[in-house]
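Take a look at the chain below. This report goes through its helices, strands, cores and rings in short steps.

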Amino acid sequence: MKSNDMFGDVRFPVDRELAAAVAASPDPGTGQEWHREFADMVQGCVRRHLDGLPGYFVLTGLDHLSEEQARNFTLAVSRLAGDLLPQDGHGAVLRDVRDRGLRLGEGATGRYSDSRQGGSLHTDAAHRPGRLPDIFTLFCFRQARSGGALVMMHVVDLLKVLEDHPDQLAALRLPVHFDTRDDTPGAPLTTRRPVLESKDGRERMHYLRDYIEIGHRHPHVPALTPEQTKALDLLDSLLSREDLQTRGRLEPGEMIFIDNRSIVHGRTAFQDEPGPDGGRLLMRTWIGLPQPVRARGESPSGVLS
């Protein structure tokens, strides 16, 4: 398990006045020189640390921002990296990650981000139909009294072990059904995609075991095959290995960018301070990287129709 200051080499301080100016100027199209320079810095970090290793980086020194400023800053900086994607059926692009007194999978809509439980390493939005986030961010406005550390694992490290289990690796490349956690009338109950796939020249993961189990309980969905269950059990055993994990705790005023294509993540369980204003509060965005321009009539696979 790699911990201590896991963010040390990829932590970048933001000038106080610059942070306040970004929060006050949410339009990424501004022509001011300071805004262009900051955008270049953020986009450079995405290329170096998300397209490459370690798969995350942190902006720090933002603890002077008010809650409203922090929300504006999170949205503005996220727009510099790509397209903001909706996180629910109502189109919200900024979601509070906090304990809402629910457990993962509870009811029709209970999500990991509504709970304070730990474990259950996953990728974000594996359950969402349509375009998936390539990146997600978390702005730590308030941290928990105890616990709440991030737990992360890179797909490269998983594949090094899975290559010794070719049958299970092949099973993980077969589609499974994820429950969509959406009770909107007319919304699909499940979405279908593989846990592991090669896409755009790299390996990409889609995972949250609980959502797969719930998805395959629906009457219209076939049961997981024994081979798939064995593969998921192996994957879960690897995700629990502390020697493959990296752990670190965000401090208030830090914003992390995480590669959702390659990083499986979770957290340690946390305990909050009592009272309405004492709870852990992280603000999350989902970001889609700019998609390549295709010729008219060209499909995403590159085939002209």
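## The start of helix H1

At the start of H1, a side-chain oxygen of aspartate 15 comes within 3.0 Å of the backbone nitrogen of glutamate 17. The model shown here is predicted.

Which residues of H1 are buried? Helix H1 covers residues 16-24, and its buried residues are Ala19, Val22 and Ala23. Seen down the axis of H1, these buried residues fall within an arc of 100°, so they line one face of the helix. Glu17 and Ala24 are on the other side of H1, and they are exposed. The cover over the buried residues of H1 includes helix H2 (33-50) and helix H3 (67-81).

## The whole chain

The chain has 305 residues, and 50% of them count as buried.

Some contacts in the chain are between residues at least 6 apart in sequence; among these, 77% join residues at least 24 apart.

How many residues does the largest nonpolar core have? It has 50 residues. Leu59, Phe73, Ile256 and Phe257 have the most contacts inside this core. Helix H3 gives the most to the core, with seven residues.

Leaving out residues up to four places away in sequence, phenylalanine 73 touches Ala19, Val22, Ala23, Phe38, Leu59, Leu62, Leu65, Phe139 and Met255. Recall that Ala19, Val22 and Ala23 are the buried residues of H1. Another core, of 30 residues, lies apart from the largest one. Among its residues are Leu159, Ile212, Leu235 and Leu238.

## Aromatic pairs

A pair of aromatic rings is described by the distance of the centres and the angle of the planes. This structure holds five aromatic pairs. One of them joins phenylalanine 7 and tyrosine 56: the ring centres are 6.0 Å apart and the planes are at 80°, so the pair is edge-to-face. Phenylalanine 7 is in the segment before strand E1 (11-13), while tyrosine 56 is in strand E2 (residues 56-60). The pair links distant parts of the chain, 49 residues apart. Both phenylalanine 7 and tyrosine 56 are buried.

Phenylalanine 12 and phenylalanine 57 also form an edge-to-face pair, with 6.4 Å from centre to centre and 65° between the planes. Phenylalanine 12 lies in strand E1 and phenylalanine 57 in strand E2, so this pair ties together parts that are 45 residues apart in sequence. Is phenylalanine 57 buried or exposed? Its relative accessibility is 0%, so phenylalanine 57 counts as buried. Phenylalanine 12 has a relative accessible area of 23%, so it is partly exposed. Ring pairs link Phe12, Phe57 and Phe257 into a cluster.

## A hairpin

Strand E11 (residues 196-199) and strand E12 (residues 202-205) run antiparallel, and four bridges join them. Serine 198 stands opposite glutamate 203 in E12.

The hairpin of E11 and E12 has two residues between the strands. In this hairpin, aspartate 200 takes a positive phi near 55°.

Most residues other than glycine have a negative phi, and most peptide bonds are trans. Which bond in the chain is cis? A cis peptide bond joins leucine 53 and proline 54, with omega at about 10°. Proline 54 is in the loop between H2 and E2.

Alanine 125 has a phi near 70°, a positive value in a residue other than glycine. Alanine 125 sits in the loop between strand E5 (119-122) and strand E6 (135-142). Its relative accessibility is 3%, so alanine 125 counts as buried. Arginine 181 has a positive phi of about 55°, although it is not a glycine. Its place is the loop between strand E9 (175-179) and strand E10 (190-194). With a relative accessible area of 6%, arginine 181 is buried.

Where is glutamine 87? Glutamine 87 is in the loop between strand E3 (83-85) and strand E4 (95-97). Its relative accessible area is 0%, so glutamine 87 is buried. The side chain of glutamine 87 makes a polar contact with the side chain of arginine 284, at 2.8 Å.

Key
Residues are numbered from 1 along each chain as its sequence is written. Side-chain values use heavy atoms; hydrogens and water are left out. Buried means under 20% relative accessible area, exposed over 50%, partly exposed in between (1.4 Å probe, protein chains only). The arc is that of the directions from the helix axis to the C-beta atoms. Contact means heavy atoms within 4.5 Å. A polar contact is a pair of N or O atoms within 3.5 Å; within protein, one must be able to donate a hydrogen and the other to accept it, and residues adjacent in sequence count only if both atoms are side-chain atoms. A nonpolar core is a set of buried Ala, Val, Leu, Ile, Met, Phe, Trp, Tyr and Cys residues joined through side-chain atoms within 4.5 Å. Two strands pair if DSSP finds at least two bridges between them. Rings of Phe, Tyr and Trp (its six-membered ring) pair if their centres lie within 6.5 Å; planes under 30 degrees apart count as stacked, over 60 as edge-to-face and the rest as tilted.
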